[in-house]
Each structure stands twice: as C-alpha cells, then as structure tokens.
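Please open the model in the viewer and keep the selection panel at hand.

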Amino acid sequence: MATSVAGEGQPSLNGIICDPQTKKLTDLPTELLEHILCFPVLKHVDICNVSCCCKRLHDVCHGRGKVWGHQYKLRWPRLQRFYRQNECCDWLREYKTRHRVGIQIRRTVESISKRFFTEVPCVGQVLGDSFAEIESLGMPEHFCEDELLFILNSDKRKSLTLKYYAKKILYFLRQQNILKSLKIFLEQPAAQQSSLEGAVLVDQYCNPLADVTLNSISAQLDEITEKVKKMLRIKNPSHPSLRVAQGDCFVVEDFELQRQVVCALNSVLYEQLQYKGNEFDYYNPLNSYIHQVLLRHTGIPISLSVLYMTLARKLGVQLEPVNFPNHFLLRWCQKPRGSEDIYDFVYIDAFGKGKQLTAKECEYLIGHQVTADYYSAISTTEVLLRMVGNLLNIGKRGEGNEKSYQLLRDSLDLYLTINPDNVQYLLLQARLYFHLGIWPEKVLDILQHIQALDPSQHGAVGYLVQHTLEHIQHKKHPATPEVKKRSAPEHLEVQYSVGLIMKHKRSGYNCVIYGWDPKCTMSQEWITTMRVHQLSNGANQPFYNVLVQDGTCRYAAQENLEPHSSPLEIGHPEVGRYFSEFADTHYAANEELQTRYPEDMDETLGTVQELYHRLTPRSGNQDQAPATDQNNHQAMSM
C-alpha cells in the first residue's frame, strides 16, 4: 500500500512531523496506525479491508489489539460492563460471534410478522417459539437483549415492523428472566424475604421495558431516609437512628424513640414530599408499581404501606403488614415483643397520611366488624398475593382491549407463580388464553392440572378441552386471508386506502387506516348501539379500520373521515404490526398488509401526491356528518 501521508517536511496527523523519507502509511509507528484506524468514521468492513492489504496492516489489526477492541466498543457500548477493564480479549473473535448472533436474531424477528400477522394481536405462542429459537443460539442473554435494543434504538421512523416484534420479544425475554428471579426469591426463608424486593419484582414483570431495578428503588428510599434523619436530628440530636449507617440492621427498643421516628417519617413523607393516597384514580395500575409511586408520590394502601414499612425499618422501627379487608394497613406493637393481642397494637394507615388507628377505628374505616384474624401480621408472600390480586382485579375491570388483556395475563402469571395451585385463577388463565386464541397446547396443560387438583371442575374443563382441540385442528388448516383489490366492482366506492393519515371530522382525532370494508361488517346489535343509521349513508358505505392517536382501534364510516391536512405520526402501539415506515405524508404498509391490499400502496402514493405536493386546494364535499354516539369502545362507528 503506497499511499502518501504528507509532503516533504509537511506536518500531518494532528501536528506530528513525518520523516521526509516516510512515504507510505505502513511506515508509520504501530501506535499511530492504531490511532488512525480507531477513527469513528471507520466501520468493521473498513478494518477488514485494511487488514487484507498487507502483512503489516494485518498485524496492526490483530484480534487482541486496540483496533478491534475499539470496533467492538463502538458497536456494542452497552456490553462493556460485562468485561473487566483492560481485559485481554480476542476482540475479533468476540466481534464475529456477536455479529453472527445479531444476524440470526434479526432473521428470527423478521420471520415473526409472516407467522403472526394473520393471528390475533397476542403473540404468546409465536414469541415462545421465537424465544426458543434465540435460546438455541447458545449465546449469553445479554447478547440477545443488546441486539434487540439496537433494533429498537435505530432510525425512529423506519423498520417499524421489525421494531414492533423486537419489542415484543424483548418484553417476553425479560419477563421470563424476572419469573426466574421471582421463583428464587420465593425459595428464600421467609425471614430473608423483603416486601420491597417482592414489590420491585412485580413492578418489573408488569413493566419489563422500563428501567426498574432494586438498586435504583433502594437508592431513592435511602434519599428519603436521609431527609427523615435530618428532621429527626432537629427533634433529637442524640437519637440512635442517626448513628446507624445505611444498610445496617438494628431495632430501636424504646417506644418514645420509635414515636419520634414515626412522627419524623410522617412529616417528611406527607408534608414535605406530599405523598398521598390516590383517591381520584384508585384503579389505575400505576398505583401498584413501586417506581411509579416514587415518581408520582401517590399510590394505594398496599403500595404506600410497603414504602412506609421499608422506610421505618431503615430507621429501626419494626412495622408489620396487616391484610385488612378493603384497606391494607400496618401494625405497630406498643407492648414488649411477642404480644398477639390486637389491642396492643397501633394500626397505621399509610394511605391516610400515616394516621394512627385503634383496632375499633379500623372497623370504622371499612364500615363493618371483622374477626381478630384480620388484624394478624402476614408474610411477604401474602403481601405479594394481595398486591398481584389488586392488579388482577384491575385487569378484569378493563375494557377488553389489548392493554387490559396484557395486565390480566401478567398478573395471572405472577399470581400462579406465587400460588400455582389456585384453581380459580388457573381456570381464569385457561379461559383467557382460549378467548385470545393463543397457546392452545398450554391451555390443555392448564386444564389437565385443574382436573387433577379439583375433579369437580370436570364440566368447565371438558367444555374448554373440546373447543381447544377444535381450535388446534382449525389452526392446522388456516383459512386463506382475504385479498381486497380496489379495482373489484364491489370496491369502487372505497375512497381511501391503507396508510393514509386521516382526521375525524367531528371528534377531531387523528388516525391511520390499516384496513377497510366496502360495507359495514359489524353485527346488527353493534350497528344499532352505535346509531349508525343516523349517518347519511348508514351502514351501506365503506368503513375503515383505523389506529387512533389515543391508542384505541376504531371502525369509522367513510363520510366521517378526511385526509389530514398536516400529516403526523400516530403514536399507537400497533402501528408496527401493519406498517414498515412513516414517510412524512403517510405510512408505508409492510409486506403482509400489502398482500391483503395489493393495490392500496399505489393509491396512497397518488393521494398524498395530490393532497400534499400540489398547490391547488383539494375539492370535495366537506359537509359535516350527523352525530353518532361516541364512547371509548375499541371498535367505534364514526
């Protein structure tokens, strides 16, 4: 390689004077060559090409050298924490291995859309198969996770379908790991189980893509603890809690000193930091996630109790969780340890700003009497069951959309991991999977387990077994998806096409079309309920499946839609299922959606060219459509 690097006597390479006799790049010192080859503009392909030029450059680019180490760190910066600093490593081999795994993972993700597109929007079985494919690569899990994150963090507007499934696999992958951690946690002796750690695991499982760790949560609680100590120091500079370092285990025995801690804790938590019970949005699942409680300073009785109890223990006051009906409480013993008399305790309402109650006042709180058993302390496992049970109830109260189904699935997974023989929830899980049409083989396993636990359930089990077997048989011979061509005579009235960004004339919401029917295909009951007959063309007009900016999926009448004058991205979680790219004026359908609507992409391109690239205003009838009943159902007539 005879590339000249400088003229006679001319400085080059950041002021380094090259010897007049030095005419070739290969004559430069090794350290300088490494410096040059580590310029950020050079990619791994460039390094491969350079190393093939001659023996000198091949030696400079050896596998354990600085050049390939730099390439590895440049491409996978998140993986550096898995290597010791200054570790001698064959970076070229690591790069090849990691690169090969990345290609295989990307191929697996790309294949999901073809396998899944015709199914319902829950991808449990497909993801399970894909997860098994990734596991079969035999690579460390952090390799796989990093590649999925790399896909997700690439160009925001492109590769939307690839990102959609990468996100679902990452969700599934992390949940499997969290379940493993939960099982290890549950195997620990009860005395070693922390309610905070259990609450974090619940939070992580329901929010696997959020950055939630026990260390980060503990650090935030340490900050609150320091604020309480500061308050305590004002009241009692010699308080023993002030002399204890973070992480040390100790107990304040004196009741007056305990009272000082509780008073300081209440002052900081409820007055200074303004924590409070969320009375106005009680059934929001965010109230149950500990990282959201710390972020929003609000929660429900059990989440605030876990926070309160953990802070009190850091300061030497032992509080115990009480599984009181309808309102989780903490109890604080006022007598020497060992008493089980319910009147020897003060009960703390963390939801009610730390209010202290007698046993009788606890009954006033819920409006009826209870037996002494309800005042007993419970284990960490029981705390988690109560917490997950709350999420289960919220999931059951949901509106039947994917978000509520996901919460129901997640909370069932958690509950049955903690209590695997609960027949009621096993049956609910089987019914949920059956309803969603996913994991039929797993449904049969669940039903077999239910039958073994409780033979009296044979009626419900038999019904589900019969229909699940029919579903499995049906999946062996799937129906060919309908192909809709705009040129067909029955489709001539369809004005709009998939990928167009639309605006609702009356409600004003923004949406993107992902499907259409030449006439309304909903049931007569739905048509009546939604008052479709009030539309000028009633049900006898094209209707469109649209993804709405607010995250809902709706079914809108043609007369109530118009192309958006200023197209914008639609922040719907299912956009990637149907579209591969946001192209400024419209969404580009992915291969699977194009197969369903083979003539729509040309129509969409023609429409946006006419609407957004010409100066002449669009003509057309802009009369406002009659009002229709608006509500928050997943499918709506607009």
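Begin with Asp222, which is partly exposed at a relative accessible area of 24%. This is a predicted model. Lys314 belongs to helix α13 and Asp222 to helix α10 (residues 214-235), so the contact ties together parts that are 92 residues apart in sequence. Lys314, at 25% relative accessibility, likewise counts as partly exposed.

Next, select the whole of helix α13, residues 301-314. The helix lies across β5, β6 and β7 and runs at about 25° to β6. Now display the open sheet, whose four strands follow the order β5-β6-β7-β8 with antiparallel pairing. The edges are β5 (320-322) and β8 (355-357); each has a single partner strand, so one side of each lacks a neighbour in the sheet. On average, neighbouring strands are turned by 40° against each other, direction ignored. Within the sheet, select β6 (residues 329-333) and β7 (residues 345-349), which pair over four bridges. Here Leu330 stands opposite Ile348 of β7.

Move on to Arg98 and Glu147, whose side chains form a salt bridge (3.2 Å, N to O). Arg98 sits in helix α5 (residues 91-116) and Glu147 in helix α7 (residues 141-152), 49 residues apart. Are these residues buried or exposed? Arg98 is buried at 0% relative accessibility, and Glu147 is buried at 3%.

Finally, select Lys484 and Asp517, which meet in a salt bridge of 2.5 Å, N to O. Lys484 is buried at 7%, and Asp517 is buried at 12%.

Methods
Residues are numbered from 1 along each chain as its sequence is written. This is a predicted model: local features need pLDDT of at least 70, side-chain atom pairs count only at pLDDT 80 or more; totals for chains, interfaces and linings use all residues. Side-chain values use heavy atoms; hydrogens and water are left out. Two strands pair if DSSP finds at least two bridges between them. Helices (H or I, at least four residues) and strands (E, at least two) are DSSP runs, numbered from the N terminus. Axes are lines fitted to C-alpha atoms, for helices over the stretch in contact, and angles run from 0 to 180 degrees between N-to-C directions. Contact means heavy atoms within 4.5 Å. A salt bridge is a side-chain nitrogen of Lys or Arg within 4 Å of a carboxyl oxygen of Asp or Glu. Buried means under 20% relative accessible area, exposed over 50%, partly exposed in between (1.4 Å probe, protein chains only).
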